[in-house]
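Subject: Structure handover and notes

Dear colleague,

Here is the structure I said I would pass on. My notes on it are below the picture.

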Amino acid sequence: MVEAKDGGGQRGSSRNEVADGVFHGPVVQIGNLFGPAHVGSQRTTPLPLQDSQYWPVAAAWDPVAAGVHRARPQADDQGVPPYVERDIDTELRRRLDAVAEAGGLVLLLGHSAAGKTRAAFEAMRAVMPNRRVATPSQGSELQGVLATIIESPEQCVVWLDNLELFLGPGALDVAMLAAFQKRNVPLLATMRMREYKTFHPMFQDVLPTDADSVPLQEAQIGARVLASADPLEVQRIWSDDEIARAARFDDDRISAAVEHSRHHGVAEYLAAGPAIWSAWRMAMDVDGQPRAAALIAAAVDLARAGLAGPYDEELIVELHEHYLERQGGLLLRPESLVEAWAWASQQFHGVTSPLFEVAGGQWSVFDYLVDRLERMSASQPVLDATWLAAKKNSSGKDLLDIALRAADAGTGVSTEVAESIWRWMLDADVETSMACYNLGVLCNENGRMEESIAYFSQAAKAGEPRAAFNLAVIYDREGKSKKSRKWRMRAADANYPPAFFLVGFDLEEQGKLDEAEQWYRRGAELNEHRSATNLGKLLSETGRAQEALPWFHKAEEDGDPFATYNIGLFHHGAGRREQAEEWYGKASARGSAEAALNLGTLRLEAEDYAGARKWYERAFELGLFSAAGNLGKLLDKSNDADGAESWFRRGAEVGDRSSAYALGAILYKGGRLEEALDLLGPLVSADDNVGQAALAEILDELGRTEEAIPYWQTAAEAGNVSAAFNLGVIFAKRRDLQQAKRWYQTAAEAGDAEAAINLADVLFTQGRLASASWWIDKARSIRAGLAAGVAEPEAVGT
């Protein structure tokens with residue numbers, strides 16, 4: 001597979017070569033210098049961060065100050081309801097306790113208003129109540145925070161709500177994280193799921209290929225930091241246990257949230273998210289506040305486009321006209337701009353507003369609206385004008401995010417915006433390998449293969465392993481094996497896990513199983529799920545099924561459908577039907593058509609014909625078209641001739657030969673010979689001896705025996721016994737005894753008793769009595785063997 005755009009954390013930083021290596025940040029380059037020069041940083045640590053005595057103690061800290069969304073306030077709680085224990089609390093507090101003394105990062109993920117900040121806040125107060133809490137506002141302040149902690153006599157914890165704001169060059173990178181850990185300082189962070197996916201390449205889009213892939217890129221700053229943490233996800237929709245715990249509270253806000261928990265998370269309902277969402281959507285009408293709705297839509301889409309807020313009031317006003325026009329324009333009789341701003345900034349339930357002013361003329365948007373719109377499968381695209389405005393108004397640090405989101409949007413204008421940003425980075429010598437890589441992906445997605453290869457080559461030569469990997473895939477598709485292997489090994493030499501799978505697969509195809517096993521094992525040990533799956537398969541095929549199973553489970557944990565299917569197959573082969581059905585069901589839910597087919601077979605064996613039909617149909621829906629033949633046979637067995645013919649026909653129409661032959665047999669038996677000929681004629685290839693024989697029989701029935709003979713001959717020469725027998729009959733009728741003898745003998749030697757009898761008749765006619773007698777004895781022997789024979793069990797699986 002060709003992997004997708006880089007979402008790493010080095011956002012718009014410059015790259016300069018200096019005497020002792022590579023420095024990320026500003027460098028002053030001087031050609032001719034006369035006199036002294038002084039270069040100093042403009043960044044200073046704010047005074048409150050220079051002395052830990054200014055920092056709040058965890059047990060006494062205000063949750064709203066920590067970033068917890070306020071709910072509707074009551075007299076005694078200032079809008080912070082009682083805390084309801086979440087399912088992840090035990091594990092969260094265990095991890096926080098572990099880093100309390102040893103240092104390290106604990107990260108919570110979740111959608112906006114899922115409750116991640118409140119869960120982190122309560123865990124911190126429970127595990128380390130007496131610690132001072134450092135609350136930097138941006139990543140550049142972390143160096144100063146660390147210096148303060150080193151000098152502080154008290155134990156501290158660093159609070160990083162919305163971690164994405166702190167990642168980047170000169171901010172939180174792996175070196176800075178290591179420095180905190182060296183001083184045994186715990187860091188507690190939260191991150192919205194959208195931002196996590198932007199940074200973490202595991203979730204980035206991929207270009208279509210013959211095989212799936214899960215890229216694990218750690219080359220960029222943000223990805224490296226995220227790779228050091230095993231995040232806990234706070235679910236937006238609460239579990240039954242969480243709902244039960246919430247229902248025990250005597251709090252009307254929590255009770256109302258529980259009542260609406262079927263559609264909304266309790267935390268998001270408490271934060272007034274659904275109410276604001278509904279009000280915004282209803283405002284987009286002639287009887288609503290359409291201009292206010294357009295102002296909100298403009299701000300929401302600026303956030304969706306990747307432009308970091310807050311946003312200038314003038315920018316929102318300028319863009320809102322486009323959204324107002326999309327909603328209906330003047331036909332909606334929009335309110336005045338003053339009224340629109342008043343409505344858009346009003347508080348709902350005393351909690352928050354759709355838009356809120358954070359400084360003079362600077363506005364932020366309630367992030368719940370952004371997340372909710374992103375979760376909609378049919379959300380309207382970001383307008384072209386907004387993409388252009390996002391690029392124009394970027395401060396530089398968010399340009400990469402804008403480019404990534406623009407490329408993902410895939411519209412004409414958004415693609416141009418993404419390409420222009422990456423070309424600018426390339427021309428400005430800013431993160432050139434990353435820019436080349438992303439341009440390679442973009443060109444690939446748009447069918448510009450020569451440009452794609454050129455960009456990937458430039459990025460690969462600069463040390464980008466994903467570019468080398470993509471070149472290997474591209475050349476493999478083009479059948480250029482030598483070039484593919486070159487780039488595949490380049491990526492593998494850079495220790496890029498997906499490349500290990502390709503190397504192993506290539507070696508397995510060549511029959512070099514020992515070498516393939518080594519490469520698969522290397523990839524599997526680095527959590528490359530396809531390598532783990534194929535390692536398990538290879539071990540199974542070489543008689544090491546017990547050794548294979550743990551690798552299948554390892555790949556299954558990453559959602560690999562093939563590994564999940566193989567676990568089912570393992571239990572199926574061992575006769576553990578219930579466990580087999582459980583794993584086949586899980587694999588089918590992940591898209592395994594083979595698992596669905598085997599479930600159908602298991603249900604059929606249990607005489608559950610309705611269940612068998614359900615799973616065979618599922619297998620067909622998932623693209624395993626041979627399941628149409630299973631369905632046809634099932635319905636034929638149930639005496640549903642019309643249903644059987646219908647499924648055989650559906651299979652034939654999508655190219656399943658077994659279904660086509662079964663349908664041909666139905667047509668043949670029903671005397672619909674011309675229709676059978678029209679069906680099978682285009683499907684039968686020269687190496688398909690069954691199809692050749694079937695065509696010959698139809699032609700013979702139609703009286704076109706001369707046309708049938710070449711098909712029978714081709715099938716007979718390929719080993720089709722019935723075709724050889726039929727040729728013997730044809731030539732015997734024509735008194736061509738030599739040809740009759742040839743073909744009867746071919747069939748008889750393949751075990752056809754009837755052909756042996758007919759051959760004896762020919763030999764008797766020729767006066768060769770001894771030979772005739774020998775073939776009669778041979779026929780008896782063949783029949784005796786068939787009578788004593790026992791059918792072998794069929795293999796289970798693919």
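This is a predicted model: local features need pLDDT of at least 70, side-chain atom pairs count only at pLDDT 80 or more; totals for chains, interfaces and linings use all residues.

In general, the strands of a sheet pair through backbone hydrogen bonds, and the pairing can be parallel or antiparallel.

With β4, strand β5 pairs in the parallel sense over three bridges; R132 has C156 in β5 as its bridge partner. On β5 (residues 156–160) there is also a parallel pairing with β6 (residues 186–192), again over three bridges. There, W159 stands opposite L188 in β6.

How much of β5 is buried? Five of its five residues are, and the strand is mostly covered. C156, V158 and L160 point one way from β5, while V157 and W159 point the other way; all are buried. W159, the residue opposite L188, therefore counts as buried, with under 20% relative accessible area.

Two helix pairs

Helix α32 (residues 641–653) packs against helix α33 (residues 657–669) at an angle of about 135 degrees, and their axes are 7 Å apart. Because of that angle, α32 is oblique to α33. The crossing of α32 past α33 is left-handed. On the α32 side the contact has E645, F648, R649, G651 and A652, and on the α33 side S659, A660, A662, L663, I666 and L667. Sorted by class, the residues of this contact are seven nonpolar, two polar and two charged.

The other pair is helix α36 (residues 705–717) and helix α37 (residues 721–733), which pack at an angle of about 140 degrees with their axes 8 Å apart. This angle makes α36 oblique to α37, since only an angle over 145 degrees would count as roughly antiparallel. Here too α36 passes α37 in a left-handed crossing. From α36 the contact takes in T705, I709, W712, Q713, A715 and A716; from α37 it takes in A723, A724, N726, L727, I730 and F731. By class there are nine nonpolar and three polar residues in this contact, and no charged ones.

Two single residues

Is N566 buried or exposed? N566 lies in helix α27 (residues 561–573). Its relative accessible area is 15%, so N566 is buried, the cut-off being under 20%. Leaving aside residues up to four places away in sequence, N566 touches T533 and F552.

R333 sits in the loop between α13 (313–327) and α14 (337–344). With 71% relative accessibility, R333 counts as exposed, because the cut-off for that is over 50%. R333 and G288 are 45 residues apart along the chain, and their C-alpha atoms are separated by 9.5 Å.

Regards

Notes: Residues are numbered from 1 along each chain as its sequence is written. Side-chain values use heavy atoms; hydrogens and water are left out. Two strands pair if DSSP finds at least two bridges between them. Helices (H or I, at least four residues) and strands (E, at least two) are DSSP runs, numbered from the N terminus. Axes are lines fitted to C-alpha atoms, for helices over the stretch in contact, and angles run from 0 to 180 degrees between N-to-C directions. Angles under 35 degrees count as roughly parallel, over 145 as roughly antiparallel, 65 to 115 as roughly perpendicular and the rest as oblique. A crossing is left-handed if the near helix is turned anticlockwise from the far one by less than a right angle, and right-handed if clockwise. Contact means heavy atoms within 4.5 Å. Ala, Val, Leu, Ile, Met, Phe, Trp, Tyr, Cys and Pro count as nonpolar, Asp, Glu, Lys and Arg as charged, and the others, Gly among them, as polar. Buried means under 20% relative accessible area, exposed over 50%, partly exposed in between (1.4 Å probe, protein chains only).
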